[in-house]
Amino acid sequence: MKEVKPPKRPLIFYYVLVLAVLALLNLIVSPLLMRPRIDEVDYGTFMDMIEEENIGVVEISGDEITFTDKDNAHLYQTGAMYDPTLAERLHDAGAAFGSVSDEGSPILSFLLFFVLPLAIFIGLGQYMSRKLMEQMGGKNSLSFGMGKSNARVYVQSSNGIRFSDVAGEDEAKENLAEIVDYLHNPKKYTDVGASMPKGVLLVGPPGTGKTMLAKAVAGEANVPFFSMSGSEFVEMFVGMGASKVRDLFRQAKEKAPCIVFIDEIDAIGQKRSAGSGMGGNDEREQTLNQLLTEMDGFESNNGVIILAATNRPESLDPALTRPGRFDRRVPVELPDLAGREAILQVHARKIKTAPDVDFHTIARMAAGTSGAELANIINEAALRAVRAGRSVVTEADLEESIEVVLAGYQKKNAILSDQEKRVVACHEIGHALVAALQTDSAPVQKITIIPRTSGALGYTMQVDTADKNLLTRQELENKIATLTGGRAAEEVVFGQITTGAANDIEQATKLARAIIARYGMSDDFDMVAFETVTNQYLGGDASLACSAETQQRIDREVVELVRAQHAKARRLLEENRAALDKLSDYLYEKETITGEEFMQLLRQTQQAKGDAARCSTMRGRSR
Ligand code: ADP
Ligand code: ZN
């Protein structure tokens, strides 16, 4: 879709234009109006002409005498001299005394040199201010365009975004397809008496394609698309936001049927606080009120459909979500495995990929990423290919770019001492080993001890074979054990612990807390949720609502849960000490190993161990 913008010229352009016109006037017009030219003559000639009685009009002013000849054809000028009888002689010669220099039409020259430039300047000034106002989004505004919406108008165009550009998100698309159908064929709906929802709220984490979906609705329905972000409404002056809302809806009604898209609606649509004065919220509340008024003020049947996006739906004012306003809510979730693969493929259309690239594997590795991140992964991979001087993007490029997007760039010159490197290798193998030894844990995709710019000294990439919706308590506990595996390995091998586990500890704690206070999986508390998620899509901040005593009990249970899993991890590692040592050494040498290499080595050592065990039992029996 193309954005329409008035061509902009700098102010100075207009001023130069006016000056040029004036200069031209002076050069061309004035000589025509004035007497052709003034001839400078000496006093002798003047006296001769008096003698010849060849003087028409004469004007004596100060030290200059201006006069014409008898036929008024020529204008002459000469310096005045002391000549007491001059006036008398002129009179005798039949000269008339009067004004000569101001000859030509005085009115015309007044018009030309005073009124005209003034008119030009005033006219220009008005033209400019109108232009400015139009640029700021409205007409005939005394406030000079302030408070006008900056809603960008996208002209409908066939190369706009379509549903096919949005990969995955099938439920959302299905939901929105109805709106497209309505815009195509409103009669079908009005005949039955059905009315479309006025507003549809797209909720989901950032980067999942909400904006894209809104554009796709406009693209599919082939209607204009107005887009504005909630934060754009909030202005410095009270009342401006409200007037922007008014203006946006006025424009939209003119262009109906159309789509109005308000991104980040939470910026204006937050719950109105009861009397938390400070004046700071006045502007936002007025803006919100205006939005509500506008939404009530029109019928959905007139073809304006409002789409809004937010990633914190729980913070929206209930007035916004009640029936008749944004009464339909379309979840736009993070893509699942199939969705990720589809998104990767959509974006890979734009780049040249090697034929052997397996997007399924890439999608599996990129668990938990959003559409925007996947788009970024594809682009990073393409950049990497260019950097390496290749003409196609390989699988290796994509794998590396996942790590770049998830963990930051490789920190090429980070200096890890030899000992540190050994500890990091042991730590990472600890995670991977605990994960692999617990039957339910996901296989390991890749382990590396190359430091990343994000600060991670190494990491273990775990891949869920399929996205899981339901997790058992056992699986959650295994996850905690895996998280503690790094620290446990350090303890088992070095008998010392380091700061490297800070992030693991944080995650383990969060998970343990959720098990007890949110998922109701603790024996003590049964199905009582003490913890509620306030920010579902933005990292999921949790707030705890319980008595201080209960809180203490929760804390105690959390500690016990983590401690038990930590002990389990340590036990697993101690039992498999040989594998731990061997794999750590291997990782230390290679710095990066794949999941397959890891599993192969693990199986080898386990086999050796198994053989040894069988030997010893046989020996035992023979004895
Ligand atoms: P949101 O509005 O949800 O924050 P956007 O719609 O702005 O996300 O998406 C940002 C970018 O991410 C898009 O321009 C697109 O390149 C990519 N993207 C996100 N989701 C998808 C998807 N489902 N299919 C294809 N591309 C997507
Ligand atoms: Zn760790």
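**N576**

I looked up N576 and found it buried, at 7% relative accessibility. The model I am reading is a predicted one. I placed N576 in the loop between α20 (548–575) and α21 (577–590). I then checked what its side chain reaches, and noted the backbone oxygen of L572 at 2.9 Å.

**Zinc ion**

Next I turned to the zinc ion, ligand 2. Which residues coordinate the zinc ion? I listed H427 through NE2, H431 through NE2 and D504 through OD, at 2.0 to 2.1 Å.

For H427 I noted a relative accessible area of 4%, which makes H427 buried. D504 is buried too, and its value is 12%. The cut-off I applied for buried is under 20% relative accessible area.

I then compared this with the UniProt record. The entry, which is unreviewed, gives the feature "binding site" at H427, H431 and D504. These residues span 78 residues in sequence, but no two of their C-alpha atoms are more than 10.9 Å apart, so I wrote them down as gathered at one spot.

**Ligand 1**

I moved on to ligand 1. How many residues surround ligand 1? I noted 16, and the closest are A167, G207, K210, T211 and H347. Sorting this shell by residue type, I got seven nonpolar, six polar and three charged residues. I also asked which helices contribute. At least two shell residues come from each of α7 (210–221), α13 (337–348) and α15 (371–387).

For polar contacts I made three entries. A backbone N or O atom of T208 lies 3.2 Å from an oxygen atom of ligand 1. For M212, a backbone N or O atom is 3.0 Å from an oxygen atom of the ligand. H347 uses its side chain: a polar atom there lies 2.8 Å from a nitrogen atom of ligand 1. On its own, ligand 1 has 560 Å² of accessible area, and the protein covers 79% of it.

**Positive phi angles**

Most residues other than glycine have a negative phi. I wrote down two residues that go the other way.

E53 is not a glycine, yet its phi is positive, at about 55°. I found E53 in the loop between α2 (43–51) and β3 (57–61).

I placed N222 in the loop between α7 and β9 (225–229). Its relative accessibility is 39%, and I put N222 down as partly exposed. Helix α7, on one side of this loop, is also one of the helices I had listed for the shell around ligand 1.

From E53 I went to H91. The C-alpha atoms of H91 and E53 are 9.7 Å apart, with the two residues 38 apart along the chain. I located H91 in helix α3 (residues 86–92). H91 is exposed, with a relative accessible area of 57%.

V58 came next, and I found it in strand β3. I noted V58 as buried, at a relative accessible area of 1%. I also checked the separation of V58 from D69. They are eleven residues apart in sequence and 9.1 Å apart in space, taken from C-alpha to C-alpha.

**Transmembrane record**

Last, I looked up what UniProt lists under "transmembrane region". The unreviewed entry has residues 12–34 and 107–127. I examined residues 107–127 in the model and found the chain there to be 100% helix and 0% strand. The C-alpha atoms at the ends of this stretch are 28 Å apart.

How values were computed:
Residues are numbered from 1 along each chain as its sequence is written. Chains are lettered from A and ligands numbered from 1 in the order in which they are written. This is a predicted model: local features need pLDDT of at least 70, side-chain atom pairs count only at pLDDT 80 or more; totals for chains, interfaces and linings use all residues. Side-chain values use heavy atoms; hydrogens and water are left out. Donors are N, O and S atoms within 2.8 Å of the metal (3.2 Å for Na, K and Ca); water is not among the atoms, so sites may look incomplete. Buried means under 20% relative accessible area, exposed over 50%, partly exposed in between (1.4 Å probe, protein chains only). UniProt positions are given in the numbering used here, feature names are shortened, and annotations may be inferred rather than shown by experiment. Helices (H or I, at least four residues) and strands (E, at least two) are DSSP runs, numbered from the N terminus. A residue is near a molecule or strand if one of its heavy atoms lies within 4 Å of it. A polar contact is a pair of N or O atoms within 3.5 Å; within protein, one must be able to donate a hydrogen and the other to accept it, and residues adjacent in sequence count only if both atoms are side-chain atoms. Accessible areas come from the Shrake-Rupley method with a 1.4 Å probe; for residues, only the protein chains shown count as cover. Ala, Val, Leu, Ile, Met, Phe, Trp, Tyr, Cys and Pro count as nonpolar, Asp, Glu, Lys and Arg as charged, and the others, Gly among them, as polar.
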